[in-house]
Amino acid sequence: MSRIGKNPITIPEGVTVDLKDGVVTVKGKLGELKQEIQDIDVKIEDGVITFERASDKKDLKAKHGLYRALISNMIEGVANGYTKELELVGVGYRASNQGQKLDLAVGFSHNIIIDLAPEVKVETISDKGKNPIVKLTSFDKQLVGQVAAKIRSFRAPEPYKGKGIKFKGEQLRRKAGKSA
């Protein structure tokens with residue numbers, strides 16, 4: 001049996017979970033998320049959500065843990081939200097934002113301007129003597145991770161000097177340069 005799938009989820013205060021026609025809707029103070037569920041039975045009783053599967057087929061075992069994790073992430077997101085921080089490492093690398101437009105200067109001839117989804121809040125922090133930081137906040141874990149990965153893909157960190165856009169706290173595998 002799936003170890004993750006059999007763990008029940010307790011619903012915190014301020015969050016409502018509804019199940020209708022195979023679609024789970026989670027509402028909280030930060031927003032509303034929906035997830036369609038197939039082949040897995042979902043039971044909501046006394047503020048606890050449990051997941052059960054009909055048989056031990058391989059695809060059902062995989063979906064059992066998957067749907068439990070997705071619903072858990074949705075509840076956590078609408079209750080507390082998720083934050084990703086990106087650090088721009090390099091001489092002359094800058095970041096600024098005007099509303100939902102993020103402007104990155106990362107060593108190309110033109111700046112990269114990105115229009116972000118309205119669900120993702122962006123904040124740029126530029127302190128003197130420190131690397132610029134782009135802070136992304138949203139109630140949707142999947143969306144904030146996807147946006148952060150897209151921003152990182154514009155200038156992924158290189159292994160020699162470590163220049164590029166990296167997640168805050170990310171450990172890079174560094175390589176030795178040319179030996180004389």
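## Close-up views of a predicted model

**View 1. Ile151 and the residues it touches.** Leaving aside residues up to four places away in sequence, Ile151 touches Leu86, Leu102, Leu104, Ile114, Leu136 and Ile165. Keep in mind that this is a predicted model.

**View 2. The largest nonpolar core.** Step back from Ile151 and you see the core it belongs to: the largest nonpolar core has 21 residues, and Ile151 is among those with the most contacts inside it, along with Leu88, Leu102, Leu104, Val134 and Leu136. Which elements each supply at least two residues of this core? They are β7 (82-89), β9, β10, β12 (133-138) and α2 (141-153). The largest share comes from α2, which brings in five residues. As a general point, nonpolar side chains in soluble globular proteins tend to be buried together.

**View 3. A sheet of three strands.** Here's an open sheet with the order β8-β9-β10 and antiparallel pairing. Which strands sit at the edges? Those are β8 (94-98) and β10 (112-115), each pairing on one side only. On average, neighbouring strands of this sheet are turned by 20 degrees against each other, direction ignored.

**View 4. Where β8 meets β9.** Zoom in on β8 and β9 (residues 101-105), and you'll find them paired in the antiparallel sense over five bridges. In general, strands of a sheet pair through backbone hydrogen bonds.

Technical notes:
Residues numbered from 1 in each chain as written. Predicted model: local features only at pLDDT ≥ 70, side-chain atom pairs only at ≥ 80, totals over all residues. Heavy atoms only, no water. Pairing = 2+ DSSP bridges. Helix = DSSP H or I, 4+ residues; strand = E, 2+ residues; numbered from the N terminus. Axes fitted to C-alpha atoms, helices over the stretch in contact; angles between N-to-C directions. Core = buried A, V, L, I, M, F, W, Y, C linked by side-chain atoms within 4.5 Å. Buried < 20%, exposed > 50% of the residue type's maximum accessible area, 1.4 Å probe, protein only. Contact = heavy atoms within 4.5 Å.
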